[in-house]
Every structure is written in C-alpha cells, then in structure tokens.
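Me: I have a model open and want to learn how to read it. Can we take one feature at a time?

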Amino acid sequence: MEYILFSIASYVVYGGFLGFCHLGVLRRFLCLRPFWPCRIAAFCMCSVASSMIVWVGDNNLLLTLPFYFVLLFFCTQGDWQARLVVPACLFCIAMSLNALIDSASRLYSPHDFVSTLLRCLAWLLLYLVARRFFGRPASSLSLSPRLWWIALGLTVAPLSALITVVLVNGYNDTQVGLVQAALILPFVLLSALAILFSLVQLSRQWALEQEHQLASMREVYYQGIQREQQQVRRLRHDMANHWTALCGFLETGQTARALDYLQSLQSASHSTQHFCANQAADIVLSAKAAAAGQAGVCVDWQVELPEDLPVADLDLCALLGNALDNAIEAAAAAADKKVVVRARADKGVLMLRVENSVAGPLRPQKDGLFATTKADSASHGFGLKNMEQIAQRYGGTLQASAEQGRFELLAWLPLGQTPAAHDKKSPSRLG
C-alpha cells in the first residue's frame, strides 16, 4: 500500500513538473482564458502530453492529437490562427521528445528512471529557452491575416513528418524505426522551434510597423496644429488692420461687407479642427478629415470619445483608420460624396457607425463581410477582416450591410472586456 501511494505521489510530482514547464512555454505565445476550469484543463492536457509514453510506431500520438488541439484551442484566447499554429508546434516538440526518449530507453535502458530524468531535463531546458528568447508570460502574437495563413502552412511540414515517422514504423522493427526517428525527429523538433521563434519576431515587427504608422499620423497631426497656430498668430498680428477695415465698412454703411469680413475672420481663427478628447483617435480623425477634403468628400462628424479608453491605441487607430479609409474611398467614387461618422463611448460600450455612399453593388462573402472592389484582390481586402478581429478580441462584433447605394459599418466593443491578444498598456500611448 505504501509503495502504491509513493508511486502515485511520484507520478503526480513528475507530471506536475512537466505540465508546469509545458504550460509555461505555451503561455509565452498564447493567453489562457481567465476561467479556472480552462486553466486546469490546459494544465492537465499539457501534463498528459509531455509525460505520455510514445514509442516509434505507437498509436497514442493519434489518440492524443485531437484532444490536445481541441482543449488548447478553447482554453486559450486570441487570433484563431495562433490557437492552431502554437499548439501544432508544441505538439510536434512534445511528441518528438517522447518518441526519441522512450524508444531509446526501451532499447538501451532497463530502468524508467533514465527516461524520466531525460524528459524532465528536456522540458526544463525548453522552459528556460522560452523564458530567455520568447518574451514575457501571456505575451500575445499579432500578425496580418496573410502571415497567419503562411504560418499555418508551415506547421503542416513538421506535423506531417512527426505523424509519418512515429506511425509508419511498427513494433516488429523497432531498431530500424529508432534509426529513422533519430534522423528525422530532431529536425521536426528544431523546425517547430524555428516556427515559434519566427512567429515571435514577426509579431514584434508587425507591432513596430503599426507603431510607425501611428507615429506618422501623429506627426501629420502635429504639423497641422503648428500650421494652424501660425495662422492664428498672423491673424492676431494683423488684428489692428482688421479693426481698421471693419470700422471703415461700418462708417460708410457697408454692413453686409462688414458681416462677411467678420465671418471670414471667425472661420480663419477657428480653423483648427478637434473631434474628441481622446488624443489617439483625434490624430486619426484629423488625418482622415484632411484626406476627405482632398478627395472632395463631405463628412458629417459626431464623435464623443473620452481621453482614457480601455482600448489599445493601435487597435483604436486601426479600427477608425480602416473604417474611414474604406468610406472615403467609396464615397469619392460615388455620385453622393458624403460620409456619416458616429462614435461614442457610453455605458461601458464603444459604438462606431460609419455610413457612406457606394458607386456600385458589393459582393458579400461567406463570412458576412464584403469583398474588395480593387483589382489586386490578393493584396487588399483585409481591412474589414482586421476590424472584425479587433472587435472579436474585445468580445464585440462588427456588422456590415449595403442597400440602396449606401454602405453601413457598425462596430460594438464592450469596454469592460480584456483584449485577448493585445496588452492594454500599449507602448505607443500618446501623451
């Protein structure tokens, strides 16, 4: 009885250590859902996958594969492509280690202690490497849709090689199977690690590009403010001449000309356009207002956004920028060059509605959104998808509809939700 209890306690400690290391590597790439059943399920799945005995030619791999993918997909949050790519790479790493260690121990070591020690050392090394090179815990991966599809395609190679090597070889020819596994499985492991490392680097590069775009918009905004301030200073400098002209119009009875002169002065002195208290949103709206003016598009603005919003600046700017870019471009090509923008944050909800005219009919896609009307469809058409992903990360929705020559986009974001794939404290926060 004591031996049984000792064996159970030893296995619990052994599985718990492997599960801790496995889950620690996972949390470098994906955020776990805040519900404790999801966290417990993810820990148990990581513990089972990293401690499971797998020999070359064993069917345990196929039996574990669907449970591993389904549990980690629903226990994590973020872009759905990331919740497929990262588990695929970690599954290749775990099963490659299991197959190599267990098959070698089965042939050359009569004791399970050797395989246990090797497995613990391997996962401890992976955990330390992940801490050193893959960022902080719960760091998020954010890539463009095209890069995510490329990453999904790349994971097919190591996963297929793993399944082929482990399952094609039977128990009757273990020596040959071990030789094949020793030649191929290390490359499977290294390729999976390389994919994870590439995802981290690409995600950081993507974040830098987004911050660069935000900085460019901020620079354009500040240059516009400087020009307006210089114009106001010139008006103040010439105020004495303006008063002289007004007095001359009034003394000669030209009240109409005096009124026109006052209106022109008023419009010139208040030409600086501010849309809301949120500085990041104000930068984007100012830049898009200038773009709309150059395109000959009239925009009806009603924006009420507070200075502080629990939405990352990059997400907010991407949401507003993509929506207005599409609306201005469509309205510029239509007969009725008008865009209606409504945005407000009230009662824990951020609402955005953008309505514009369109020149022709739009083609709805299977996902409910609309296909791009540009000739190079392979390089465009990601704006609505990106906005939908942003809304989903905050637990919100994005709806698009088109009827009678008008297109309407409606975004709804609950402000009480924690973003699934972006740190709220963005390094690009203005102020």
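Me: Where does Arg-119 sit?

Reply: Helices and strands here are DSSP runs, numbered from the N terminus; a helix is H or I with at least four residues, a strand is E with at least two. Arg-119 belongs to helix H5, residues 112–133. Keep in mind that this is a predicted model: local features need pLDDT of at least 70, side-chain atom pairs count only at pLDDT 80 or more, and totals for chains, interfaces and linings use all residues. Residues are numbered from 1 along each chain as its sequence is written, and side-chain values use heavy atoms, with hydrogens and water left out.

Me: Is Arg-119 buried or exposed?

Reply: Look at relative accessible area: under 20% is buried, over 50% exposed, and in between partly exposed (1.4 Å probe, protein chains only). Arg-119 has 2% relative accessibility, so it counts as buried.

Me: Which residues does Arg-119 touch?

Reply: A contact means heavy atoms within 4.5 Å. Not counting residues up to four places away in sequence, Arg-119 touches Tyr-14, Leu-18, Ser-50, Ser-51, Met-52, Asn-98, Ile-101 and Asp-102.

Me: How much of the whole chain is buried?

Reply: Of its 431 residues, 44% count as buried. The chain has twelve helices and seven strands. Take the contacts with a separation of 6 or more: residues 24 or more positions apart account for 76% of them.

Me: How many aromatic pairs are there?

Reply: Rings of Phe, Tyr and Trp (its six-membered ring) pair if their centres lie within 6.5 Å; planes under 30 degrees apart are stacked, over 60 edge-to-face, and the rest tilted. The structure holds eight such pairs. One of them joins Phe-69 and Phe-91; it is tilted, with 6.3 Å centre to centre and 55° between the planes. This pair links distant parts of the chain: Phe-69 is in helix H3 (residues 60–75), Phe-91 is in helix H4 (residues 82–108), and they are 22 residues apart. Both Phe-69 and Phe-91 are buried.

Me: Why is the pair of Phe-73 and Phe-74 edge-to-face?

Reply: Check the angle. The planes of Phe-73 and Phe-74 stand at 85°, with ring centres 5.4 Å apart, so the pair is edge-to-face. Phe-74 is exposed, at a relative accessible area of 53%.

Me: Which residue lies over the face of Phe-73?

Reply: A charge sits over a ring if NZ of Lys or CZ of Arg is within 6 Å of the ring centre and within 35 degrees of the ring normal. Arg-83 lies over the face of Phe-73, at 4.1 Å from the ring centre.

Me: Now strands. In which sense do S3 and S4 pair?

Reply: Two strands pair if DSSP finds at least two bridges between them. S3 (residues 298–304) and S4 (residues 338–346) pair in the parallel sense, over seven bridges. Val-303 stands opposite Ala-343 in S4.

Me: How do S4 and S5 pair?

Reply: S4 and S5 (residues 349–357) are antiparallel, with eight bridges. Here Val-341 stands opposite Val-354 in S5. Their hairpin has two residues between the strands, and Lys-347 in it takes a positive phi near 55°.

Me: Last one. Where is Ala-277, and which residues is it in contact with?

Reply: Ala-277 is in the loop between helix H9 (255–269) and helix H10 (279–294). Leaving aside neighbours within four places in sequence, Ala-277 is in contact with Leu-305, Pro-306 and Glu-307. Ala-277 and Pro-306 are 29 residues apart along the chain, yet their C-alpha atoms are separated by 5.2 Å.
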